[in-house]
Amino acid sequence: MDKHHYYQNAVQCVEAEIDFVEVTYRELKGKPARKLREDFCGTAQTACEWIKRHQDNHAYGIDLDPLVLQWGEQNNLSELSANQRQRVRLLNEDVMTASVSNLDAVLAMNFSYFIFMERGLMIRYFRSVLNSLNNEGVLFLDAFGGYEAAKELTEERECDGFTYIWEQASFNPINSQMQCYIHFVTDEGVRMEKAFDYYWRLWTLPEITEMLLTAGFKTADVFWEGTDEKTGEGDGEYSKSVVGTADAGWVCYIVAEK
Ligand SMILES: C[S@@+](CC[C@H](N)C(=O)[O-])C[C@H]1O[C@@H](n2cnc3c(N)ncnc32)[C@H](O)[C@@H]1O
């Protein structure tokens with residue numbers, strides 16, 4: 001069993017993520033983004049997708065864990081051509097002090113920045129990103145919420161050859177901190193308990209956008225998903241919005257311009 005392989009299959013959809021980044025950056029700046037940093041990159045699947053999109057694209061992946069970076073090198077970067085491989089670098093660094101700057105775009109996806117529990121720390125992170133961006137740089141984040149986000153619950157989803165299990169094991173309303181786990185069970189019944197472990201603060205959207213503006217970003221906008229009229233489900237199209245729907249569970253993007 002390989003937990004990173006299961007994670008990439010069950011959790012990430014890097015094509016849709018990079019589609020959003022490409023289109024939104026171009027709409028905002030009237031030109032394509034080229035130099036991107038993926039913070040909390042894990043296996044760097046997103047950075048690799050960026051590299052594949054254009055021959056002038058460059059990507060940097062930042063993660064504290066050398067083992068996950070090694071997995072990314074062996075399984076994702078190894079799939080790139082020699083030319084593509086030269087345009088991506090994985091750095092075993094802390095996102096707070098990451099050494100790459102003059103960036104068009106910084107991404108912190110899958111809620112990874114929710115690990116910063118206090119306002120002061122989060123603003124420090126946003127300021128360090130601001131300093132790493134060039135004058136036309138943009139920070140892309142995602143966020144989740146809804147009235148089920150603060151519930152203790154377990155959800156299962158069938159994937160190809162295994163079941164993905166998301167557990168919100170505890171939520172403390174006093175400090176909004178929550179313990180979540182990802183478990184996997186193969187179709188043969190082998191269970192991988194607590195394959196991933198997240199201790200997070202469940203931040204609200206106004207808190208996040210206010211902290212971005214406090215950190216010095218010029219804008220901090222929420223991009224909300226549209227609704228498919230036939231199914232009533234999300235349609236995968238995100239647009240800048242000031243009113244959302246009070247869904248049980250939602251995921252959105254936040255876009256902040258320097
Ligand atoms: C939820 S995973 C994100 C994986 C991937 N980016 C995604 O979108 O699914 C979080 C990653 O953040 C890394 N991490 C946690 N704190 C960090 C920090 N201060 N600096 C850099 N990486 C950090 C962990 O090692 C872990 O690989």
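I started with lysine 194: its charged end sits over the ring of tyrosine 181, 4.7 Å from the centre. I count a charge as over a ring if NZ of Lys or CZ of Arg is within 6 Å of the ring centre and within 35 degrees of the ring normal. Arginine 201 lies over the face of tryptophan 203, 3.6 Å from the ring centre.

I note that this is a predicted model: local features need pLDDT of at least 70, side-chain atom pairs count only at pLDDT 80 or more, and totals for chains, interfaces and linings use all residues. Residues are numbered from 1 along each chain as its sequence is written, and side-chain values use heavy atoms, without hydrogens and water.

Next I looked up aromatic pairs (ring centres of Phe, Tyr and the six-membered ring of Trp within 6.5 Å; planes under 30 degrees apart are stacked, over 60 edge-to-face, the rest tilted). The structure holds 27. I checked phenylalanine 111 and tryptophan 200: their centres are 6.0 Å apart and their planes at 90°, so the pair is edge-to-face. The two residues are 89 apart in the chain. Phenylalanine 111 is buried at 12% relative accessible area, and tryptophan 200 is buried at 3%. Buried means under 20%, exposed over 50%, partly exposed in between (1.4 Å probe, protein chains only). One aromatic cluster includes Phe111, Tyr113, Phe126 and Trp200.

Last, I turned to phenylalanine 126. Not counting residues up to four places away in sequence, Phe126 touches Tyr113, Leu139, Leu141, Ile208, Met211, Leu212, Ala215 and Phe217; contact means heavy atoms within 4.5 Å.

Notes:
Helices (H or I, at least four residues) and strands (E, at least two) are DSSP runs, numbered from the N terminus.
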